[in-house]
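Subject: Structure handover

Hi,

Here is the structure I promised to pass on. Please open it alongside this note.

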Amino acid sequence: MKSILKKSIVLVVLLIGFNFYGQSRDLNNFKQPDHRGVNVFESPKDTVSNFNGVNVRIGGASTLQFQALDNENSGATPLAEVGSNFNLATANLDLDVVLYDGVRMHLRTYLSSRHHHEPYVKGGYFQIDKLDFVKKGFMEDLMKKVTIKIGHMENNYGDAHFRRSDNAQAMHNPFIGNLIMDSFTTEVGAEVYYKADNGFIGMVGFTNGKLNQSVEESNGSTGGAAFLAKLGYDKQINDDLRFRLTGSVYNTGYAPNVYLYSADRAGARYYSIMQDATATSDNFRAGRFDPAYKNKITAFMVNPFLKYQGLEVFGTIELTSGRSLTEVDRRKSEQFAGEVIYRFGNNENLYFGARYNTVNSELASGDDVSINRFQLGAGWFLTQNILMKAEYVVQEYNDFPTANLLEDGKFNGLTLEAVISF
């Protein structure tokens with residue numbers, strides 16, 4: 001008890017020290033974690049710097065859901081029964097540190113998540129928007145349009161990951177659940193961005209293709225490599241109309257394990273859904289679908305985004321193929337999703353909308369299956385930092401093999417979520 005008390009006192013002193021040392025909330029080249037970050041994709045590229053020495057911004061997020069969902073299947077493999085109650089609250093801790101003019105560090109720690117009740121680091125990176133640490137004004141004209149990110153970080157494949165819930169950070173997701181094939185991974189690598197004044201966006205990146213870092217060999221190799229690229233256009237055409245269209249690719253030659261659709265260790269938002277009644281532990285990814293391309297994958301995603309006044313439309317078209325080393329031929333999967341949101345009220349603090357999401361995939365067994373989901377959602381930003389959400393969801397599983405847990409599977413019901421982010 002004394003040890004815990006001492007650690008708590010030290011933590012409080014450190015936080016107070018950080019607060020006095022520097023807590024300017026608005027940093028350069030920084031996506032706001034609150035209402036202001038809605039419909040912001042990559043971090044903005046500022047042209048004016050307010051650097052005044054090292055600055056530490058402490059932020060975080062917390063969420064809590066009340067879940068009232070039902071699940072069912074063919075009955076050949078019994079499902080765990082679920083009822084209505086609160087889920088475990090989740091929390092994030094964010095540190096954003098301005099280290100030099102145009103150089104910032106980001107670190108996110110999951111303080112509590114569905115999969116890990118104890119704190120652990122999600123990832124972090126350095127973001128470089130100026131090269132003044134080399135020499136004042138070094139490549140200044142080029143760096144007005146270029147951003148460099150290096151770290152063990154969330155990789156920028158597609159635009160859907162900018163609208164997903166990241167453990168407790170659910171402020172920018174208009175719904176409660178993420179996509180069925182939830183493309184999200186954290187790998188060691190680097191990304192270089194180019195943003196032109198005319199709205200053109202380009203990004204190229206490389207990673208080591210590994211979620212869990214290790215120097216141990218597997219199949220005669222310590223790891224592989226992944227290539228990422230994004231090309232697009234994003235323009236505020238006038239006061240009422242904004243248009244964005246991007247295409248992305250993620251490709252591995254070989255990876256010890258492909259985690260593109262299973263890397264989120266925080267867990268799926270629909271708790272205890274579609275789980276085996278005899279299971280002794282939580283299948284924290286249940287409700288999502290991973291095509292299980294174990295060692296090789298090629299994935300393409302196209303995302304159109306249109307916002308006219310309060311009406312916005314966002315789409316996802318995703319085509320993937322891959323295999324494990326034991327498979328001769330590649331299998332294919334495809335995902336389509338469409339969202340229509342209408343925002344209104346003071347500073348668009350109220351919204352309602354719908355999303356339809358469908359996945360078609362060939363399993364390793366050779367079976368062709370599909371999953372369909374419909375979400376109806378609404379939200380209210382009580383303040384810039386507090387969001388209340390409600391969602392009705394229905395998800396159905398089709399053509400899964402006899403006696404498979406997901407044979408004739410379905411879950412549906414209502415979930416409420418409270419989000420705080422600062």
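First, the ground rules. This is a predicted model, in which local features need pLDDT of at least 70, side-chain atom pairs count only at pLDDT 80 or more, and totals for chains, interfaces and linings use all residues. Numbering starts from 1 along each chain as its sequence is written, and side-chain values use heavy atoms, with hydrogens and water left out.

Cavities

A cavity here is a set of points, on a 1 Å grid over the protein atoms alone, where a 1.4 Å probe fits but cannot get out. Lining residues have an atom within 4 Å of a point. Grid points are joined across faces, edges and corners, and a volume is the space filled by probe spheres set on the points.

The search of the whole structure gives six cavities of 30 Å³ or more. The largest cavity holds about 680 Å³. It is lined by 35 residues, and K31, H106, Y125, E154 and F162 are the closest to its centre. Strands β1 (55-72), β3 (90-100), β4 (103-112), β5 (120-128), β6 (146-154) and β7 (186-195) each give at least two residues to that lining. Strands (E, at least two residues) and helices (H or I, at least four) are DSSP runs, numbered from the N terminus.

What is the make-up of the lining of the largest cavity by class? There are 14 charged, 13 polar and eight nonpolar residues. For these classes, Asp, Glu, Lys and Arg are charged; Ala, Val, Leu, Ile, Met, Phe, Trp, Tyr, Cys and Pro are nonpolar; the others, Gly among them, are polar.

The second largest cavity has about 80 Å³ of space. Its lining has 13 residues, with A160, R163, R164, L179 and R355 closest to the centre. Five of the lining residues are charged, four polar and four nonpolar.

E339

E339 sits in strand β13 (residues 331-344). E339 counts as buried because its relative accessibility is 4%. The cut-offs: buried is under 20% relative accessible area, exposed is over 50%, and partly exposed is in between (1.4 Å probe, protein chains only).

The E339 side chain makes a polar contact of 2.9 Å with that of R163. Another, of 3.0 Å, joins it to the side chain of R355. A polar contact is a pair of N or O atoms within 3.5 Å; within protein, one must be able to donate a hydrogen and the other to accept it, and residues adjacent in sequence count only if both atoms are side-chain atoms. Leaving out residues up to four places away in sequence, E339 also touches others, including P174, F175 and E312 (heavy atoms within 4.5 Å).

Pockets

A pocket is an open set of points with protein on both sides within 12 Å along at least five of seven lines. The largest pocket has about 650 Å³ of space. Its lining has 29 residues, and S43, P44, K45, K195 and D234 lie nearest the centre. The largest share, three residues, is from β9. By class, the lining of the largest pocket has 14 charged, eight nonpolar and seven polar residues.

The second largest pocket has about 480 Å³. It is lined by 32 residues, with N28, S49, D101, G102 and K130 closest to the centre.

Aromatic pairs

Rings of Phe, Tyr and Trp (its six-membered ring) pair if their centres lie within 6.5 Å; planes under 30 degrees apart are stacked, over 60 edge-to-face and the rest tilted. The count is 15 aromatic pairs.

F41 and F162 pair edge-to-face, 5.9 Å centre to centre with 90° between the planes. F41 is in the loop between α1 (2-21) and β1 and F162 in the loop between β6 and β7, so the pair ties together parts 121 residues apart in sequence. Both F41 and F162 are buried. F41, F162, F305 and F314 form one aromatic cluster.

V121

V121 is in strand β5. At 46% relative accessibility, V121 counts as partly exposed. V121 and R108 lie 13 residues apart in sequence and 6.2 Å apart in space, C-alpha to C-alpha.

Best wishes
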